[in-house]
Amino acid sequence: SRVKLTRPGWDEKDCVMEIKGEMIHVLESSSILFLGSPCVDKLDELMGRGLHLSDIPIHDATRDVILVGEQAKAQDGLKKRMDKLKATLEKTHQALEEEKKRTVDLLYSIFPGDVAQQLWQGMSVQARKFDDVTMLFSDIVGFTAVCAQCTPMQVISMLNELYTRFDYQCGILDIYKV
């Protein structure tokens, strides 16, 4: 049976605590004893009523219900934290892979392919000797004056078009360019 405890003058809706239990007839004193436990599922509900887990008898199933609920809540919290850590780890791994790709791209843009490959693998690179080398240094005559009359985007477009043509010619002639 269940009993709702209220204070004098209060309605049933103002119930302080609901207790479940059983009534036992005590012959010696010609009285009836109600042996009960609070109807709660969570530790917060128990503590909110000024009670503690130790106030519930060890053999009472309410104690087990509360402990199982607390364990499930702790496991859910742990799972959420682990999911957040996993997501953070995945983002960090992705950022590392992107940085690694940028490093490889930079290495290949600075050095010839075979040299870049050896450097990337941590190998030492043997110096090479070339009997004949041709170098091209470029200068744009009047560049400062052109820049003064153009917008920054026009300057960038001009340089991009010019050096794209140089790159194309270097590719045709199999010239290594830095």
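Predicted model: local features only at pLDDT ≥ 70, side-chain atom pairs only at ≥ 80, totals over all residues.
The protein chain has an accessible surface of about 15100 Å², and carbon and sulfur atoms account for 59% of that; areas here come from the Shrake-Rupley method with a 1.4 Å probe, and for residues only the protein chains shown count as cover. Residues are numbered from 1 along each chain as its sequence is written, and side-chain values use heavy atoms, with hydrogens and water left out.

As for the overall build, the protein chain holds five helices and three strands, laid out from the N terminus as β-β-β-α-α-α-α-α. Helices (H or I, at least four residues) and strands (E, at least two) are DSSP runs, numbered from the N terminus. The radius of gyration is 41 Å, whereas a compact globule of 178 residues would come in near 16 Å; the value is taken over C-alpha atoms, and the globule rule is 2.2 Å times the number of residues to the power 0.38. Along its principal axes, the C-alpha trace spans about 120 × 50 × 20 Å.

Burial is next. Of the 178 residues in the protein chain, 9% are buried, where buried means under 20% relative accessible area, exposed over 50%, and partly exposed in between (1.4 Å probe, protein chains only). Take the contacts between residues at least 6 apart in sequence: 18% of them join residues at least 24 apart, a contact being heavy atoms within 4.5 Å. On the charge side, the mean positions of the 22 positive and 27 negative charges sit 1 Å apart. Lys and Arg count as positive and Asp and Glu as negative, while His and the chain ends are not counted; each charge is placed at NZ of Lys, CZ of Arg, CG of Asp or CD of Glu.

Now for the strands. Strand β2 (residues 17-26) and strand β3 (residues 31-38) run antiparallel and are joined by eight bridges; two strands pair if DSSP finds at least two bridges between them. Along this pairing, Gly21 stands opposite Gly36 in β3, and Lys20 has Ser37 as its bridge partner. Ser30, in the loop between β2 and β3, has a positive phi near 50 degrees despite being a residue other than glycine. Most residues other than glycine have a negative phi. Ser30 is also exposed, with a relative accessible area of 65%. Val26, in strand β2, is partly exposed at 23% and touches Ser31 and Leu33, leaving aside residues up to four places away in sequence.

Further along, His52 is found in the loop between α1 (43-48) and α2 (61-110). His52 is partly exposed, with a relative accessible area of 42%. Not counting residues up to four places away in sequence, His52 touches Leu46 and Met47.
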